[in-house]
Amino acid sequence: MKKITSICFVLLVIVGLVALTAGQGAAEVLASTSRTSPYVRTAPNATANINLPLNNAGTTSLVFYTNLPNQKVIVSFNAECSVRSINNDYNDYLDADILIDGVVASPSNDGGNALCTGHGNNTLANWTSVVTVVERVVPSPGLHRVVVRLNGIGMTSANEGYRIDDTSTVVWK
């Protein structure tokens, strides 16, 4: 019985130490912004790369500061999203890239990060609430800039396009 009690005590100490050290790794928010105004693009302008306004004032970038070299940062972008495609075209989608200091961060850097897709029914419906999360190591300390770049893929016919609404962008370290 004494051996079982000793084992239980050791396990309890290990669990306590794990719990204490887990709290030390909590993420710190470096910057955040949100937008409640809708952003709508239709063809032929829907296929142009644009930097999305990240707040209601129209600012297209979010600035944050790091104080260490080679700091890993994580950026999350979420939005309500809808794509209008026509003629049973299910291949139209809204591509979203997250850029940190002008470099497209992984995994949004593959050119096919479909934030939302069309349903070929000629309606701006089928709303989704979506999130994209990326990471990147910024090599030098100082001020850095996040941009969300959108590109409507396949949206070339009249009336095709997309709408983004209720967005938030958060940078953590």
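1. Helices here are DSSP runs of H or I with at least four residues, strands are runs of E with at least two, and both are numbered from the N terminus. By that rule, Asn-55 sits in the loop between strand S3 (50–51) and strand S4 (62–66).

2. The model is predicted: local features need pLDDT of at least 70, side-chain atom pairs count only at pLDDT 80 or more, and totals for chains, interfaces and linings use all residues. Residues are numbered from 1 along each chain as its sequence is written, and side-chain values use heavy atoms, with hydrogens and water left out.

3. The overall fold first. The chain has 1 helix and 11 strands. Along the sequence the order is α-β-β-β-β-β-β-β-β-β-β-β. Contact means heavy atoms within 4.5 Å. Of the contacts in the chain with a separation of 6 or more, 82% join residues 24 or more positions apart.

4. Next, burial and surface. Buried means under 20% relative accessible area, exposed over 50%, and partly exposed in between (1.4 Å probe, protein chains only). The chain has 173 residues, and 38% of them count as buried. Its accessible surface is about 9300 Å², by the Shrake-Rupley method with a 1.4 Å probe; for residues, only the protein chains shown count as cover. Carbon and sulfur atoms hold 56% of that surface.

5. Asn-55 counts as buried because its relative accessible area is 19%. Its side chain reaches the backbone nitrogen of Thr-59 at 3.0 Å. Leaving aside residues up to four places away in sequence, Asn-55 touches Thr-33, Ser-34 and Arg-35.

6. Tyr-65 lies in strand S4. Together with Val-63 and Leu-143, Tyr-65 makes a nonpolar surface patch of about 330 Å². Like charges are joined within 9 Å, and nonpolar side chains (Val, Leu, Ile, Met, Phe, Trp, Tyr) within 5 Å.

7. Finally, the cross-link. The structure holds 1 disulfide, defined as a pair of cysteine sulfur atoms within 2.5 Å. Cys-81 and Cys-116 form it, with their sulfur atoms 1.8 Å apart. The link is left-handed, at -40° about the S-S bond. It ties distant parts of the chain: Cys-81 is in strand S5 (residues 71–84) and Cys-116 in strand S8 (residues 114–117), 35 residues apart. Cys-81 is buried, at 0% relative accessible area. Cys-116 is buried too, at 6%.

Methods
A polar contact is a pair of N or O atoms within 3.5 Å; within protein, one must be able to donate a hydrogen and the other to accept it, and residues adjacent in sequence count only if both atoms are side-chain atoms. Patches are made of residues with over 30% relative accessible area and no salt bridge: like charges are joined within 9 Å, nonpolar side chains (Val, Leu, Ile, Met, Phe, Trp, Tyr) within 5 Å. A salt bridge is a side-chain nitrogen of Lys or Arg within 4 Å of a carboxyl oxygen of Asp or Glu.
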